[in-house]
Amino acid sequence: MVRFSDAGLRYPDPAGGEGQVALHGLRFFLPPGSFTWLTGASGAGKTTLLRLMQCALRPSEGEIEVLGVRLSRARRSALPPLRRRIGAVFQDYRLLPYLNAFDNVALPLRLAGRLESSLRADVTEILRWVGLASRADALPQQLSGGEQQRVAIARAVVARPELLVADEPTGNLDPRQAHRTLALLTEMNRLGTTVVIATHSQELVDAFPAPVMRLSHGRLVSFEGHDPGEVEAYGAETSPPAPGSKNETEPDDEADPDEEDERNG
Ligand SMILES: Nc1ncnc2c1ncn2[C@@H]1O[C@H](COP(=O)(O)OP(=O)(O)OP(=O)(O)O)[C@@H](O)[C@H]1O
Ligand SMILES: [Mg+2]
């Protein structure tokens, strides 16, 4: 589950100025096991919102709760284990260039301490699902854009995360592959994973109907939300953060040594 309580993000200004507000005043609740589309024009804030959900950034205003952890109160050391419960498909894939497709996909399982003998079958099966079983030994640079995107999707889902955030996961796929990928993600959702997918494709949204969050200029302009009963059950009505409470604004994104550790195995 994901809860945003008047949350926002201002990117720091390298020159030391005010910095750019990318998201402001977001308030919504995604129940456990829900499936949500995220739409909005280029620059609206979709990637920023997904990075907050995957705990790669902390909000500079308000509170965010992800899988039961409140980000403003979480210790830095609590973030890497939390991130391991979240699968992410990045807009720019972020495959490790010196690892082949198999090892890129195996990475989350190895980080989780899975034995080599037990992870091989899972990695092979998911590579087969995305149609890349025969390319397991290829390095990312030897793969097409769409093939790299499918490796990134396989890596995000292989450890069966509790939350999956995917940023334009079908942007480089042909319609058949896009639908196949969505079938995989909806199947994961059926098995219990909370799924959030940013997309520019209205065709895909129409083909897989689910609540849609629409961002415009960093604000949530519409959210045909989840069943109110379902939301009630998980207590959507939280009190807003105490007035004047200010969170740590420093984003611990790429600079986070923990995350580097994770990425580099
Ligand atoms: N690292 C950064 N530092 C400063 N500003 C940023 C940074 N990343 C994004 N922004 C700004 O934040 C706003 C939201 O960007 P974001 O990448 O979240 O948009 P998006 O909806 O994902 O767009 P697209 O559809 O093009 O991927 C934009 O105005 C962008 O210029
Ligand atoms: Mg984006």
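Is the crossing of H3 and H5 left-handed or right-handed? Keep that in mind while we get there. One caution before we start: this is a predicted model.

So, the two helices. H3 covers residues 101-111, and H5 covers residues 145-157. They pack at an angle of about 25°, and their axes are 7 Å apart. Angles under 35 degrees count as roughly parallel, so H3 is roughly parallel to H5. And the crossing of H3 and H5 is right-handed.

Who makes the contact? From H3, we have Ala101, Asn104, Val105, Leu107 and Pro108. From H5, we have Val151, Ala154 and Arg155. Sort the residues of that contact by class and you get six nonpolar, one polar and one charged.

Next, the sheets. Take the one with four strands. It is open, and the order is S2-S1-S4-S5. The pairing is antiparallel. S2 and S5, residues 69-70, stand at the edges with a single partner strand each, so one side of each has no neighbour in the sheet. H1 packs on this sheet. It touches S1, S2 and S4, which is 61-66. The direction of H1 makes about 120° with that of S1. Look at S1 itself, residues 2-11: seven bridges join S1 to S2, and the two run antiparallel. Within that pair, Ala7 stands opposite Leu26 in S2.

Now the sheet with six strands. This one is open too, in the order S6-S7-S8-S3-S9-S10, and its pairing is mixed. At the edges stand S6, 86-89, and S10, 219-223. Each has a single partner strand, so one side of each is left without a neighbour in the sheet. Ignoring direction, neighbouring strands here are turned by 20° against each other on average. S9, residues 212-216, pairs with S10 over four bridges, in the antiparallel sense. Ser216 has Arg219 in S10 as its bridge partner.

H1 lies across S3, S7, S8 and S9, and runs at about 160° to S7. H6, residues 175-190, lies across S3, S7 and S8, at about 150° to S8.

Last stop, ligand 1. Which helix supplies the largest share of the shell around ligand 1? H1, with three residues. S2 and H1 each supply at least two residues of that shell. The residues around ligand 1 include Tyr11, Gln20, Lys46, Thr47, Thr48 and Gln91. By class, the shell has three nonpolar, eight polar and one charged residues.

That's the tour.

Definitions and conventions:
Residues are numbered from 1 along each chain as its sequence is written. Chains are lettered from A and ligands numbered from 1 in the order in which they are written. This is a predicted model: local features need pLDDT of at least 70, side-chain atom pairs count only at pLDDT 80 or more; totals for chains, interfaces and linings use all residues. A residue is near a molecule or strand if its C-beta atom, placed from the backbone, lies within 6 Å of it. Ala, Val, Leu, Ile, Met, Phe, Trp, Tyr, Cys and Pro count as nonpolar, Asp, Glu, Lys and Arg as charged, and the others, Gly among them, as polar. Two strands pair if DSSP finds at least two bridges between them. Two residues are in contact if their C-beta atoms, placed from the backbone, lie within 7 Å. Axes are lines fitted to C-alpha atoms, for helices over the stretch in contact, and angles run from 0 to 180 degrees between N-to-C directions. Angles under 35 degrees count as roughly parallel, over 145 as roughly antiparallel, 65 to 115 as roughly perpendicular and the rest as oblique. A crossing is left-handed if the near helix is turned anticlockwise from the far one by less than a right angle, and right-handed if clockwise.
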